[in-house]
Amino acid sequence: MRTFTVALAGNPNTGKSTLFNALTGLKQHTGNWSGKTVSLASGNYDYKDTRFQFIDLPGTYSLFSNSADEEVARDYIIFEKPDVTLLVLDSTALERSLNLALQVLEMTDRVIICLNLMDEAKKKGIKINARKLADQLGVPVIPISARNNEGLDTLSEQLLLMCTGQTPTTPYRMKYNEYLESRISGLESELRDILGDEYPARWLAIRFLDGDRKLIATLKERLKASDKGGISLGTAKALGSSNSRHSC
């Protein structure tokens, strides 16, 4: 049986855990992330001779590593590279949820967005054009109601299509003013020379320019420990010097 990894991300109280429970049922495991007090939940879901291993990331409002939860969620998406990041948004408060969505779309191309709580949105008279939103964000958008098991078949099929490379995406990326874009571009080029396509260079450049020291430290640790692609301690040092030249 083929197995793919799915990271489940979203704000607190979006029904993310409800979706996790609806899909994985009793096939769950709990524990803690390595070196963290943050709880880890994982579970399996089988669909059409395919197994999806769901990793339920901590609920967060951003991925700027201002807390242990944010750091865990960010590091998993960037460094563990799940086959799909399934982003659960609250249909009744879409504007608030989209802040996290835009951050995730900077980090990975392999994203599916779930518009959860559609039943509540309907009660409040909220209408969302999922197809238009998908066109604007450049990734699939699936309306669901996890607690009522609505839309889960469509979601399952889309997961299978994306994991097997049958769903191309063009994620929306924020554009900044000319000065910032120039600095992002310069650092992005340097990072790509150092890292190749191992990590999302544009997103790293933005975080480096923002002075995200926790991310820089984690990345250097990963590079030192890696035995892939000839990444060396010298490369890690070069990465640090690159940051010092460009940070604000």
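Residues are numbered from 1 along each chain as its sequence is written, and side-chain values use heavy atoms, with hydrogens and water left out. Because the model is predicted, local features need pLDDT of at least 70 and side-chain atom pairs count only at pLDDT 80 or more, whereas totals for chains, interfaces and linings use all residues.

Side chains of opposite charge can pair when their charged atoms come close. A search of the whole structure finds 17 salt bridges, a salt bridge being a side-chain nitrogen of Lys or Arg within 4 Å of a carboxyl oxygen of Asp or Glu. Glutamate 120 belongs to helix α4 (residues 118–123) and arginine 147 to the loop between β7 (141–143) and α6, so the pair ties together parts that are 27 residues apart in sequence. Helices (H or I, at least four residues) and strands (E, at least two) are DSSP runs, numbered from the N terminus. Glutamate 120 has 22% relative accessibility and counts as partly exposed; arginine 147, at 47%, also counts as partly exposed. In these terms, buried means under 20% relative accessible area, exposed over 50%, and partly exposed in between (1.4 Å probe, protein chains only).

A salt bridge is also formed by arginine 202 and glutamate 181, whose closest N and O atoms are 3.0 Å apart. This pair links distant parts of the chain, with arginine 202 in helix α8 and glutamate 181 in helix α7, 21 residues apart. Arginine 202 counts as buried at 13% relative accessibility, and glutamate 181 counts as buried at 18%. Within helix α7, arginine 192 and glutamate 188 lie 4 residues apart, about one turn of the helix, and their side chains meet in a salt bridge (3.2 Å, N to O). Arginine 192 is partly exposed at 37% relative accessibility, while glutamate 188 is buried at 16%. A network of salt bridges links Arg74, Asp75, Arg207, Asp210 and Asp212.

Helix α8 (residues 201–209) also meets helix α3 (residues 94–107): their axes come within 7 Å and cross at roughly 120 degrees. Axes are lines fitted to C-alpha atoms, for helices over the stretch in contact, and angles run from 0 to 180 degrees between N-to-C directions. Gln103, Glu106 and Met107 of α3 and Arg202, Trp203 and Ile206 of α8 make the contact, defined as heavy atoms within 4.5 Å.

Glycine 15 is placed in the loop between β1 (2–10) and α1 (16–24) and counts as buried, at 18% relative accessibility. Leaving aside residues up to four places away in sequence, glycine 15 touches Val88, Asn116 and Ala146. Glycine 15 and alanine 146 are 131 residues apart in sequence but 7.1 Å apart in space, C-alpha to C-alpha.

Tyrosine 176 is located in the loop between α6 (152–163) and α7 (178–195) and is partly exposed, with a relative accessible area of 34%. Together with Tyr172 and Met174, Tyr176 forms a nonpolar patch on the surface, with about 250 Å² of accessible area in total. Patches are made of residues with over 30% relative accessible area and no salt bridge, like charges being joined within 9 Å and nonpolar side chains (Val, Leu, Ile, Met, Phe, Trp, Tyr) within 5 Å. Accessible areas come from the Shrake-Rupley method with a 1.4 Å probe; for residues, only the protein chains shown count as cover.
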